[in-house]
Amino acid sequence: METWSIVVAAGSGRRFGGPKQVELLDGRRVVERSVAAMAAATVGVVVVTTGDLVADLGALPGVAAAVEGGETRSASVRNGLAALPDSATHVLVHDAARPLVPDAVVAAVVEALADGADGSVPVVPVTDSLRTLEGTPVDRAGLVAVQTPQGFRRSALADAHAAAADATDDATLVSRRGGTVVHVAGDPINLKITDPSDLAVAEALLAHHRRNGARPS
Ligand code: C5P
């Protein structure tokens with residue numbers, strides 16, 4: 001088993017109002033935190049980004065290659081897949097927008113792959129009550145929210161992307177192809193920076209966990 005990572009950082013940050021991946025979080029860029037977490041847990045990292053950041057992020061420790069992103073998240077993942085070395089047997093795909101991912105979450109994703117799953121995803125309970133847009137209440141008891149990194153057997157992920165399909169995450173594509181995707185424990189601290197206020201929440205979480213002697217880096 002040779003596990004690599006793809007960190008996708010080519011979004012335009014439309015909802016954020018700019019490229020959120022280069023915002024500073026306690027003095028360090030969001031994307032650098034995400035890359036460092038994945039570099040610590042895998043053989044090498046492929047970063048998918050845009051413009052000047054390709055050369056910039058390509059020079060970070062643990063980054064083997066940096067490539068241009070695509071129009072959609074799925075297209076960006078495909079560009080990352082194309083840059084993996086032949087020796088990679090497994091791949092973790094991580095959103096640059098999740099800079100606080102704990103090591104234990106990454107380790108749980110890798111462990112499920114070692115146990116033979118086609119894919120493994122970290123999930124957390126849904127805490128809000130839910131309704132459809134049409135107004136039908138939905139029982140949250142049967143639902144979980146899905147985080148990244150999502151881990152895959154490389155061939156399962158490549159097959160899922162072969163038809164150039166689009167989805168908001170990779171596990172959706174692998175499941176559609178009949179792959180077995182297992183759930184592992186995610187963590188609420190692994191939040192996704194979407195709105196500017198998320199950055200303030202992330203700063204507070206970082207300070208809170210430091211005070212309590214826990215991760216993240
Ligand atoms: O847009 P969303 O928040 O779902 O993006 C999740 C991750 O995918 C972000 O880290 C973003 O930079 C990345 N992305 C990408 N290429 C795109 C769109 C999103 O790499 N075309």
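Visitor: Where is Asp 26 found?
Guide: Asp 26 sits in the loop between β2 (24–25) and β3 (28–29). Keep in mind that this is a predicted model.

Visitor: What is the phi of Asp 26?
Guide: Near 50°. That is a positive value, and Asp 26 is not a glycine. Most residues other than glycine have a negative phi.

Visitor: What about the phi of Ala 164?
Guide: Ala 164 also has a positive phi, near 55°. Ala 164 lies in the loop between α5 and α6 (170–176). With 46% relative accessibility, Ala 164 counts as partly exposed.

Visitor: New topic. Which residues does the cis peptide bond join?
Guide: Thr 148 and Pro 149. Omega there is about 10°. Most peptide bonds are trans. Pro 149 is in the loop between β10 (144–146) and β11 (150–153).

Visitor: On to helices. How do α3 and α5 cross?
Guide: The axes of α3 (residues 73–82) and α5 (residues 154–162) come within 11 Å and cross at roughly 130°. So α3 is oblique to α5. The crossing is left-handed.

Visitor: Which residues make the contact?
Guide: From α3, Ser 74, Val 77, Arg 78 and Leu 81. From α5, Arg 154, Leu 157, Ala 158 and His 161.

Visitor: And by class, what is in that contact of α3 with α5?
Guide: Four nonpolar residues, two polar and two charged.

Visitor: Now the inside. How many residues are in the largest nonpolar core?
Guide: The largest nonpolar core has 23 residues. Val 35, Val 45 and Val 47 have the most contacts inside it.

Visitor: What does Val 35 touch?
Guide: Leaving aside residues up to four places away in sequence, Val 35 touches Val 7, Val 45, Val 47, Leu 60, Pro 61 and Val 63.

Visitor: What other core lies apart from that one?
Guide: Another core, of 21 residues. Val 8, Ala 10, Leu 173 and Val 174 are among them.

Technical notes:
Residues are numbered from 1 along each chain as its sequence is written. This is a predicted model: local features need pLDDT of at least 70, side-chain atom pairs count only at pLDDT 80 or more; totals for chains, interfaces and linings use all residues. Side-chain values use heavy atoms; hydrogens and water are left out. Axes are lines fitted to C-alpha atoms, for helices over the stretch in contact, and angles run from 0 to 180 degrees between N-to-C directions. Helices (H or I, at least four residues) and strands (E, at least two) are DSSP runs, numbered from the N terminus. Angles under 35 degrees count as roughly parallel, over 145 as roughly antiparallel, 65 to 115 as roughly perpendicular and the rest as oblique. A crossing is left-handed if the near helix is turned anticlockwise from the far one by less than a right angle, and right-handed if clockwise. Contact means heavy atoms within 4.5 Å. Ala, Val, Leu, Ile, Met, Phe, Trp, Tyr, Cys and Pro count as nonpolar, Asp, Glu, Lys and Arg as charged, and the others, Gly among them, as polar. A nonpolar core is a set of buried Ala, Val, Leu, Ile, Met, Phe, Trp, Tyr and Cys residues joined through side-chain atoms within 4.5 Å. Buried means under 20% relative accessible area, exposed over 50%, partly exposed in between (1.4 Å probe, protein chains only).
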